[in-house]
Amino acid sequence: MNTTLNVDRRQFLRVTALAGGGMLLGTQLEYFGSAEALAAEPAANAVLNAYIRITPENVITIVAKNPEIGQGVKTMLPMIIADELDVDWKDVRIEQASLDTENYPGQSAGGSTATPNNWTPMRRVGAAGRAMLIAAAADTWRVPASECTTASGVVHHRSSGRSLRYGELATKAATMAAPDLETVPLKNPGQFRIIGTRVPGVDNHAIVTGQPLYGIDVTVPGMLFAVFEKCPVFGGRVSNANLDEVRAAAGVRQAFVVEGGTALNGLLSGVAILGDTWWAAKSARQRLRVTWDEGATAQQSSAAFAAQAATLSQQPPQRSLRRDGDPDAALASAANVVEAEYFYPFISHAPLEPQNCTAHLQNGRMEIWAPTQTPASGRRLVAQTLGMQETDITIHIMRSGGGFGRRLYNDYMVEAAAIARQAGVPVKLLWTREDDMQHDFYRPAGFHYLKGGVDANGRLVAWRNHFISFGEGERFASSAGIGAAEFPARYIANYALDASVMPLGVPTGALRAPTSNGVAFVVQSFIDELADAAGKDPIQFRRELLANMQPEPPQGGQRGGGGGGFDADRMRGVLDMVAERSGWGRQQLPRGTGMGVGFHYSHRGHFAEVVQATVSRQGVVTVDKVWVAGDIGSQVINPGNAENQTQGAVLDGIAEALGQEITIERGRTVQSNFHDFPLLRLTQVPPVEIHFNITNNPPTGLGEPSLPPVVPALTNAIFAATGKRVRSLPLSKHDLSWS
Amino acid sequence: MTVTFTLNGRSTTVDVAPDMPLLWVLRDVLDLKGTKFGCGAAHCGACTVHLNGAATRSCVLPVTAVAGASVTTIEGLSSDGTHALQRAWEEVDVPQCGYCQAGQLMSAAALLSRTAKPTDTQIDEAMNGNLCRCATYLRIRQAIHRAAEMTATEAGGTNPGGRSGGSDL
């Protein structure tokens, strides 16, 4: 197979016969030198590269390639294939793929990318299957393929009244020439029968009946259960430990030190305890006494970061990320200048299923069962850390009890693999909730020092933001950056975005809508402050801002949260829609109740949201209702799940705003469980009304982009209700009482 | 030590450490994986089972505390997944990641066994100890109403809660 890089990237299709008849069909994104190379590719003999299997008995199986973390992808991607294949959803069985990078492109969950990356390829997979089944029928009947139609898994030749089920055609279809995926005819959207309908999650029945599905449910014969204690200071190392005492505990089979490296996202030093049951291992851990070499970061703290940020804010920024016009001159001549400091804290992912992984090393081959968003990265990490070949490692992708970005990192996978190798038996590693919360890759905290100016007509003419974050030199810590094209860049003539960074010894990473989940709060709150200074309605002020696009093209945008791809027309569309649906400005609200608005573009989605909130005189915040308007393009693939995801993301944002904060003291995480890191509870849940603005754009993802706007919409509602401007999170640290 | 209790309608005896929480007896000794571990401190409700019909957090319940008692887990809520709540959960398409849902269902079943047609407020109170990290809460509430409605409609049948699998409801 040619893997030269300077050649066309194209999708090709493989087809092969199933042993015992039937067909299977797969696609691949590969680099190919020429059409000859494609033609020379022998008929695939790797059964694993299939998306579609049809047996002579008409059992239709569609493979779901990506990890399911609660985003609904195990249902959604097969829906697309099934619709173009033209089968009834009730006749389809879904099978989760294991990691197979040779046959499935992009087996990961992250960045709300499943829809934009797979929409057309999955349609082509289904359409190609349908075309081959038609070809088989046409050949059988000696009629032109153009006279054949399909419906519900049957090929028809109407004029002669003949029909054959797909199962009857499958074996022959597998011998037909595979169509060119680039040109295979696709349905017109009006012909969709599954796409656009409410399809419940394919694992729902297994979930409601308690069948084993998740990583934590894996059982391997002969396995031991492991706990792993790491240094509470990130990256600290074991100096010594009372292993003999631990080994003497009831039910404990082994206890040993695992030598780790220094990379916070790799294998870290710690003590593994293996027991006959997880409870035995965990109980023995209470006896464990470790002397740690805590390393260089044992003195870092949230308080010290805040103090350092305040100091940096008084100094010239370390670097400029963007400068348009002359912000300083514009601020000097502005009619009204607003200056504000914003802060958002570290946050934990806290998926409900604690990190876990089962690993078994046997005859030089490692088999791994993991809830992971990035199985390919996990395999690479295991291979590099343990000095193995990736081809000797098999990864079974287990359903994840939540992801939110946590399982982009495979630290628990490499731990399980290392422990299993050292133990010489299959091992199921399971973290405690405390392990999970105290060894996360946190959403990084951020500090923003802003200055904005409006002119005598209430127009926003100048904006300066000194963003103080974490990193070294020109490099931001993971997910601690900001896009130079992030709104409102390009919509204010005089605009500056500067950055300074402080070194950080806390692991950080992507949390649902990374960077956007903090930046949107800052930007949309500060816009609200400027609207107030201008004496304008917050939505009207935003409309005027959106109409003020500067001629310069976007620059420095990053995929996801960077701001590149922001479209003022699409944003205006959702802003107008949410204003209309929420009855913005059309009702008089009592003192203590207010509406706030926020919008944000991320992960290719444009979202505007309105929150109505009530603040009691004592300062207790109640979110009364949320209205959401989103633009994710021309097609909402699974509307039922789309609403579920959007409600979930909005409520997730509210939970973050209300009470979530990870605090670092003495180099370690203070919070440990849900008593001091609160998730939303049912009594706090407002109605969330969702509207999609269907536009003529390619369909895009929904796991993330509806989250960011709700945070500023809530804090802006609190301002409307009380006159109190919230410039730092979480809300639980504010006195919002009024009289 | 040896502990005998009724599990999903069947007498069950285990020989385990006396401080072992019921959760780990269920999951690691009896291989019933439906009951989930979320926090180990009764904060999240993922481990909810019925102890003599009452919703109970099994992660902090020593197995000795269930000696002689009747325990129902998600596997025993119905023998074939047809409890009104299970059907409603599927119809409403409640789950996202699904990890908390067994605990949600067990709390909801205990509620419906006491209060056939609960109000929103009663639902919120009964379910407030069950966290859903994906925040499927609006659908959880909707599905409980739907199950109550199904049960009322189907009343007159012999088994409003679906075919019993030893449920102590």
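Two strands pair if DSSP finds at least two bridges between them, and strands (E, at least two residues), like helices (H or I, at least four), are DSSP runs numbered from the N terminus. In this predicted model, local features need pLDDT of at least 70 and side-chain atom pairs count only at pLDDT 80 or more, while totals for chains, interfaces and linings use all residues. Residues are numbered from 1 along each chain as its sequence is written, and chains are lettered from A in the order in which they are written.

In chain A, three strands form an open antiparallel sheet in the order β6-β7-β8. Because β6 (148–151) and β8 (162–165) of chain A stand at the edges with a single partner strand each, one side of each has no neighbour in the sheet. Strand β7 (residues 154–157) of chain A is joined to β8(A) by four bridges, and A:Val154 has A:Arg165 of β8(A) as its bridge partner.

| Helix (chain A) | Lies across | Angle |
|---|---|---|
| α3 (residues 114–141) | β6, β7 and β8 of chain A | about 130 degrees to β6(A) |
| α4 (residues 166–173) | β7 and β8 of chain A | about 75 degrees to β8(A) |

Chain A as a whole has 17 helices and 29 strands. Between the chains, 50 residues of chain A are in contact with 46 residues of chain B, and α16(A) gives the largest share of the chain A side, six residues.

Methods:
Contact = placed C-beta atoms within 7 Å. Axes fitted to C-alpha atoms, helices over the stretch in contact; angles between N-to-C directions.
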